[in-house]
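Hi,

Here is the structure I promised to pass on. Have a look at it first, and then read my notes below.

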Amino acid sequence: MSYVTNLKCRECGQEYPIKPLHVCEDCFGPLEVTYDYAKIRAAVSRATIAARPHNLWRYRELLPVDGEPEAGPFSGFTPLLHARRLGAELGLKKLYIKDDTVNHPTLSYKDRVVSVAITKARDFGFTTVSCASTGNLATAVAAHAARAGLRSVIFMPEGVESGKIVGSSIYGARVITIRGNYDDVNRLCSEIADKYGWAFVNINLRPYYTEGAKTFGFEVAEQLGWKLPNHIVLPTAGGTILPKVAKAFKEFKEVGLVHGGEFKIHCAQAAGAAPVIHALHKNTDLITPVKPDTIAKSIAIGNPADGFYVLRAVRESGGWGEMATDPEIIDAIKLLARTEGIFAEPAGGTTLAVALKLIAAGRIKADESVVVSITGNGYKTLEAVANSIEAPLVIEARLKDFDAIYESLGDGKRSLQGAA
Amino acid sequence: MPVKVRVPTPLRRFTGGIDEVAAAGESVRAVIEDLEKRHPGMRERLLDDKGELRRFVNIYLNGDDIRFLNQLNSQVKDGDDISIVPAIAGGE
């Protein structure tokens with residue numbers, strides 16, 4: 001049974017049927033899936049959801065699918081860790097990490113959105129799926145397409161990390177890199193989608209794709225014991241996940257799965273690609289595009305499609321946002337790794353670095369609950385930190401060689417604390 | 001100054017289904033005015049009440065976003081390519 005009503009323009013309200021459409025013909029505004037919340041409210045309960053398999057489809061009534069979805073049987077339902085050691089360093093008792101570094105099968109939050117997009121691509125009868133990507137989406141589309149038996153063609157800007165090229169091609173995807181940045185790739189792909197009619201998950205399937213991002217928020221609420229956090233910090237690139245997490249929290253209230261609870265939603269960008277933060281700090285709705293320049297390549301987007309909606313969600317919630325420089329991003333990646341054993345990609349470092357700034361500024365208080373959103377895995381972006389780690393010691397396989405360096409390793413206590 | 005203008009699907013109902021049309025003008029704004037004469041209804045889709053580019057429309061002049069140039073006043077030369085692209089796309 002479907003709970004989807006139709007597609008509706010977020011700007012002018014014009015309604016459209018459930019088809020591969022993403023732009024309003026009247027005002028160019030984005031189309032969004034609408035639901036019959038009264039029907040959903042009658043159909044779902046905490047108990048029905050809790051009894052389902054640990055994947056993103058446990059919230060299927062609030063996703064734009066009919067019947068039994070085939071894509072992403074192990075995607076979603078990633079850990080929400082109570083970060084006690086990191087929390088102790090920062091003076092917070094209720095600090096949580098939502099850890100999408102271990103999303104199945106491609107280790108980023110993109111496994112969520114692509115599970116929904118591939119399901120819809122099959123529903124609509126497409127045989128080729130495609131995307132414009134900074135890398136994480138590429139690997140997710142390639143892997144999920146392979147399993148669904150669809151052909152995939154992936155577009156990325158030149159210069160993305162090798163793990164993302166190899167990690168897409170290995171699934172049989174045809175990878176095309178574009179001489180330019182992500183915004184150039186995105187423009188070209190909009191023109192290709194228009195001309196060739198392929199299923200671009202983040203262009204003509206975008207209304208469905210973006211709904212998948214809500215599952216990140218649904219899980220946070222369920223894993224906190226059907227409660228909303230006081231604060232959640234999310235990275236912003238194109239602007240998909242942040243407004244969708246806000247929507248997820250509102251929907252859970254709407255259908256009665258959580259009762260009350262105010263949340264503040266905060267935006268994190270890399271200083272080299274921070275058009276949304278600039279607009280937020282200048283108190284304007286006008287987002288001026290920038291040419292991205294940051295090691296956080298997965299969020300190096302200068303012209304964010306949904307930037308306006310990020311601003312709106314942040315402001316509506318009473319949240320804030322900050323940006324992090326490349327050195328701050330690297331420090332935060334190392335801090336998270338050495339305190340919680342989680343290796344984030346630079347987007348995650350950005351999010352944590354910004355959380356630190358919000359704590360230092362008093363916007364997040366010691367007794368409040370805060371979720372830091374880690375959306376991608378550091379093993380895919382080794383280049384970003386390769387020069388920032390302590391180089392290995394190299395010795396012969398002789399005990400006396402080890403004896404010679406033993407003192408320099410320090411005692412157990414010191415090595416536990418490590419270098420900050 | 002004749003230029004080529006790529007027209008996205010949502011605007012092709014004004015061009016009789018054609019995806020690339022000719023227009024003329026010294027600036028992007030003048031080209032839009034000329035498009036309106038040739039294909040009535042286009043201007044309102046591209047510009048808001050104040051005559052500024054709508055939030056969800058991107059216009060590229062020879063591949064460059066006009067917001068990195070001189071916005072709607074960006075100068076147009078003979079043979080330039082203009083592409084109108086809906087802004088809503090993408091996501092890493």
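**Two helix pairs in chain A**

Let's start with helix α9 (residues 214–223) and helix α10 (residues 241–254) of chain A: their axes come within 7 Å and cross at roughly 50°. (Axes here are lines fitted to C-alpha atoms, for helices over the stretch in contact, and angles run from 0 to 180 degrees between N-to-C directions.) Before going on, note that this is a predicted model: local features need pLDDT of at least 70, side-chain atom pairs count only at pLDDT 80 or more, and totals for chains, interfaces and linings use all residues. Residues are numbered from 1 along each chain as its sequence is written, while chains are lettered from A and ligands numbered from 1 in the order in which they are written.

Back to the pair: α9(A) and α10(A) are therefore oblique to each other. (Angles under 35 degrees count as roughly parallel, over 145 as roughly antiparallel, 65 to 115 as roughly perpendicular and the rest as oblique.) The crossing of α9(A) past α10(A) is right-handed; a crossing gets that name if the near helix is turned clockwise from the far one by less than a right angle, and left-handed if anticlockwise. On the α9(A) side, the residues that meet α10(A) include A:Phe216, A:Phe218 and A:Ala221, and among their partners in α10(A) are A:Val245, A:Phe249 and A:Phe252. By class, this contact has eight nonpolar, one polar and three charged residues. (Ala, Val, Leu, Ile, Met, Phe, Trp, Tyr, Cys and Pro count as nonpolar, Asp, Glu, Lys and Arg as charged, and the others, Gly among them, as polar. Two residues are in contact if their C-beta atoms, placed from the backbone, lie within 7 Å.)

Now for α5 (residues 136–148) and α6 (residues 162–169) of chain A, whose axes come within 8 Å and cross at roughly 15°. That angle is why α5(A) and α6(A) are roughly parallel to each other. Here the crossing is left-handed. A:Ala138, A:Thr139 and A:Ala142 of α5(A) make the contact with A:Lys164, A:Gly167 and A:Ser168 of α6(A), which comes to two nonpolar, three polar and one charged residues.

**Chain A as a whole**

Chain A has 17 helices and 13 strands. (Helices, H or I of at least four residues, and strands, E of at least two, are DSSP runs numbered from the N terminus.) Its C-alpha trace spans about 75 × 45 × 45 Å along the principal axes.

A:His104 and A:Pro105 are joined by a cis peptide bond, with omega about 0°, and A:Pro105 sits in the loop between β5 (94–99) and α4 (110–123) of chain A. A:Trp226 has a phi near 60°, a positive value in a residue other than glycine; look for A:Trp226 in the loop between α9 and β10 (231–235) of chain A.

Chain B has two helices and five strands, in the order β-β-α-α-β-β-β from the N terminus. Along its principal axes, the C-alpha trace of chain B spans about 35 × 30 × 25 Å.

Cheers
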